[in-house]
Amino acid sequence: MTQPVLSVEHLSVEYEVGAGHFQAVSDVSLVVPPGRVVGIVGETGCGKSTLAQAIPRLLPEPPAHILEGKIIFQGTDLVPVPRGKLPQVRGTGIGMIFQEPLNSLNPAFRVFDQIAEAIQIRHWREMGVIPVFHPGPTPWDYTHRPLPEPSDVLSHGVIPGVAKDAVSRRLVSRSDYRREVLEYLRLVRINDPETILNLYPHELSGGMRQRIMIAMALSAKPALLIADEPTSALDVTIQAQVLTLMKELIDEVSASILYISHDLGVVAETADDLGVMYAGRLVEFGPVADIFERPRHPYTKSLLRSIPTRYKTDWPMPTIPGSVPNLSQLPRGCRFHPRCALARPICAREPPPPLRVVGEAAGSGTPHQSACHFAEEVESQP
Amino acid sequence: MGRNLEDLLIFVGKRMLELLPVLLGVIVLTFLITHVASINPCPRWYPKASTAVLAHCQAQFSLPLTTQFWNYFTKLLEGNWGASQLGVPVYPVIASAVPATVELVLASLFLMIVIGIPLGVIAAQFAGRWGDHLVRVLYLSGWSVPTYVGSIIAAVFLAPYLGLPTSGEYSAPPPFPQITHMSVVDAILAGNFPYTVDAISHLVLPAAVLAFINMGIATRMTRASMLEVLPLDYVKAARMKGLSNFLVLYKHALRNALIATVTVLGLTAGGLLAGTVVIEEVFAWPGIGAYAFSVLGGGGQPNFDGAIAVTIVFAIGVVVANLISDILYGVLDPRVEWR
């Protein structure tokens, strides 16, 4: 089996706020194989954004703190990496798209400068001008070695002339990236990129800004792209456009993507594998189709049942009783048991084991896993 | 658009027009205060003068206040800034003192920017930890020291340790003409290297004291607006491009945080100019502050024409400083239009 781009092993992240400790992510393990899109869904406050930001070690430490676990990116554990070396992993290694398009572009710089900056960093790393994260089994290799093509995710974006020119002059000026910036703007389906280049973020609509954010992240050619709810903050029509774009880009660039969302419908359309989070834990993980057809966790099952559709006329709409537990006062045993229709005495006493394989996946290679005491019975229950 | 050169010129023109009523108000107020405070200053000015001289002086002050004002104002409009009671004209003094003060204020602004703003970034970066507390102690100690105490401590106790001069612009009268009346600039223009070094060493201490006392507000403002900017997504996005921590802080975050700092720096102009009154007197700096001290009666006779002239100059200084900060505000923030 090929080496996964990212494999998170038993990751726990804690926030220290005032006197309290809140474990926002508990014992989460997941794998992102090369070229696959892994979706993570969960309610607000279930820890999915914390997970997304913990992977490139973007969380401010303190107050956040990685309690235990490994974040193995391209064979190297990122948890023990000193802070000063982290920038080497970001951009060309792990890229990120943020939720809030109004805030994710710097208001003081033109669109061109923001994208060109990302391209420039990549070029300098490719040329070996600035140090780069060298993926490999060795713990850390800080030599100024060029990237061994791990970022061949987006080959059509490269303009060989620019890079060759750059090597001969060592450092190229920003304006030399113009053609490449235009390529990326076209890639995210922006009409009239020549004009957009010279605009400031406040002169653009939310959907436009999100496209530029996507272009900026892609222009670094990341080996892994983390999309943290890229469509959630947009209004519905724009949401649909950006979602279509994301889907098209996923096909075009065949990137490894971790797609975070609270919308099961969005994930169903984009992801290959799906993880469901509840109160900081990953409760189910498996191929999307499998999970939608045969959910093996009561939470997933209730979630699927409460998706409103145009043709379903159940009234009242099915909901999950109760509310998400406060992370500082988690219930004993299984965290979902107070709201679970299947709960039995053991659920209140003993926390279920972390994900265990409950079913063979058909062909995709990812086994269906669940963290429920009675995973085998979920399907037969009403 | 409201953001091109033409708009900027219109903006500056408008603000300059707004300066006129401000100046008129300042002139009227200062004139009234000086002339009402001492209705008949002649016997004190000329204690040993002949009756003829005294009578001439008193004839001038016995006119109705409105006539006195009109006489002064028309004279001022003709470009005549008046003279002290001993007959020393005001204008030449002002003309050489203003550049000297501008030099001092710019030097201390420079120190406030290169020291005060990075301190604010450091404080925000380590918010709530020892680095933050250290910076707070530093700027609060500057902020809470009265100018006269700070400048005397610097002149008497610090200067001997640092080996810095504490008096005047140069150690010896310069052999070159003082074209701009800015000590360092004149020395550079004359191509005289030893005098340039000498002028800078004379400038360091008064500028540092002025900066230390007024720096707190720049540091505080930078810290506060950095704390607002740092959690925003675009700072995280900049990190996720693979930029170093330094570039994230000083390019992406500070660029936006500076917008607030620049506004506040404009507001400190008044404080800086007020500080020069004491600091120039202590360090014998031949600027407008020391002149203000003397025309208001410090160590001699008060000088009405000089007092009004100094007030006009200070008012222009404050208005121009705020205009510059408003222009910079627009330069830094592309969302701002000049109008």
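**Notebook: a predicted model with chains A and B**

I began with chain A and its contacts at a separation of 6 or more, and found that residues 24 or more positions apart account for 68% of them, where two residues are in contact if their C-beta atoms, placed from the backbone, lie within 7 Å. I note that this is a predicted model, in which local features need pLDDT of at least 70 and side-chain atom pairs count only at pLDDT 80 or more, while totals for chains, interfaces and linings use all residues. Residues are numbered from 1 along each chain as its sequence is written, and chains are lettered from A and ligands numbered from 1 in the order in which they are written.

**Confidence**

I looked up pLDDT, the predictor's confidence in each residue, from 0 to 100, and found a mean of 76 for chain A, with 81% of its residues at 70 or more. Within chain A, confidence is lowest in helix H3 (residues 160-169), at a mean of 42, and highest in S3(A), at 89. Over residues 136-170 of chain A the pLDDT is below 50, although this stretch has 56 contacts in the model beyond near neighbours in sequence.

**Elements and burial**

I counted 12 helices and 12 strands in chain A, taking helices (H or I, at least four residues) and strands (E, at least two) as DSSP runs numbered from the N terminus. Buried residues make up 46% of the 382 residues in chain A; a residue is buried if 20 or more other C-beta atoms lie within 10 Å of its own, exposed if 12 or fewer, and partly exposed in between, with C-beta atoms placed from the backbone.

**Strand S1**

I followed strand S1 of chain A, residues 6-17, to its partners, where two strands pair if DSSP finds at least two bridges between them. S1(A) and S2(A) run antiparallel and are joined by 9 bridges, with A:Val13 standing opposite A:Val25 in S2(A). S1(A) also pairs with strand S4 (residues 64-73) of chain A in the antiparallel sense, over 8 bridges, and there A:Ser7 has A:Ile72 in S4(A) as its bridge partner.

**Positive phi**

A:His10, which is found in S1(A), has a positive phi near 50 degrees, and I record A:His10 as partly exposed because 13 other C-beta atoms lie within 10 Å. A:Lys221 also has a positive phi near 50 degrees and is found in the loop between helix H6 (206-219) and strand S7 (224-228) of chain A; I record A:Lys221 as buried because it has 26 C-beta neighbours inside 10 Å.

**Domains of chain A**

I took the domain bounds, which come from an automatic or database domain assignment, as 6-271 for domain 1 and 277-378 for domain 2 of chain A. Their contact takes 22 residues from domain 1 and 17 residues from domain 2. On the side of domain 1 that touches domain 2, strand S2 (20-32), strand S3 (37-41) and helix H8 (264-270) of chain A each supply at least two residues, and the largest share, 10 residues, comes from S2(A).

**Chain A against chain B**

I found that the contact between these chains takes 23 residues from chain A and 19 residues from chain B. Strand S6 (94-97) and helix H2 (111-127) of chain A are the elements that give two or more residues to the side of chain A that touches chain B, and the largest share, 3 residues, comes from H2(A).

Leaving aside neighbours within four places in sequence, A:Leu224 is in contact with several residues, including A:Val5, A:Phe73, A:Ile94 and A:Leu258.
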